Amino acid sequence: QVQLAESGGGLVQAGGSLRLSCAASGIRFSAADVGWYRQAPGKERELVATITSGGSTNLADSVKGRFIISRDNRKSTMFLQMNSLRPEDTAVYYCNANRRIGTGFIVFDYWGQGTQVTVSS
């Protein structure tokens, strides 16, 4: 059974920090591209940061210089260190793990249940 379990969300004041974790089970984590997405009330889900199986990272412009994405393949866990948090970072944060071959074949694509991050002004 595949499970992606997020943790680390909560309430923090603007300027503060949080560290999100996503623990995966039931998949070959080291072969997966993984990432964090977020969805604020009334808005579309958006990409926050991704890290490939090879370790290449991509961050949304809005979080560059503030957030850091990392992974520990030995523990099948991904992290998002969030610093200098702003009220506009308030959202439900979801982790994703996927593996694709070529341009069209999806081996797997899984989502976690989400963790709430609330930044007060």
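**Entry 1: R74 and D72.** I took a salt bridge to be a side-chain nitrogen of Lys or Arg within 4 Å of a carboxyl oxygen of Asp or Glu. R74 is exposed at a relative accessible area of 79%, whereas D72 is buried at 15%. The classes I used are buried for under 20% relative accessible area, exposed for over 50%, and partly exposed in between (1.4 Å probe, protein chains only).

**Entry 2: basis.** I note that this is a predicted model, in which local features need pLDDT of at least 70 and side-chain atom pairs count only at pLDDT 80 or more, while totals for chains, interfaces and linings use all residues. Residues are numbered from 1 along each chain as its sequence is written, and side-chain values use heavy atoms, with hydrogens and water left out.

**Entry 3: other salt bridges.** R38 is buried at 6% relative accessibility, and E46 is partly exposed at 37%. I then found R38, E46, R66 and D89 linked in a network of salt bridges. R100 forms a salt bridge with D109, at 3.3 Å between the closest N and O atoms. R100 is partly exposed at 42%, and D109 is likewise partly exposed at 33%.

**Entry 4: strands β7 and β8.** I turned next to β7 (residues 67–72) and β8 (residues 77–82), which run antiparallel and are joined by six bridges. Strands here are DSSP runs (E, at least two residues) numbered from the N terminus, and two strands pair if DSSP finds at least two bridges between them. I looked up individual partners in β8: F67 has M82, and I69 has L80. The hairpin of β7 and β8 has four residues between the strands, and S76 takes a positive phi near 50° there.

**Entry 5: the sheet.** Which strands form the open sheet, and in what order? I read four strands in the order β1-β3-β8-β7, with antiparallel pairing. β1 (3–7) and β7 stand at the edges with a single partner strand each, so one side of each is left without a neighbour in the sheet. The twist averages 15° from one strand to the next; for such angles, axes are lines fitted to C-alpha atoms, and values run from 0 to 180 degrees between N-to-C directions.
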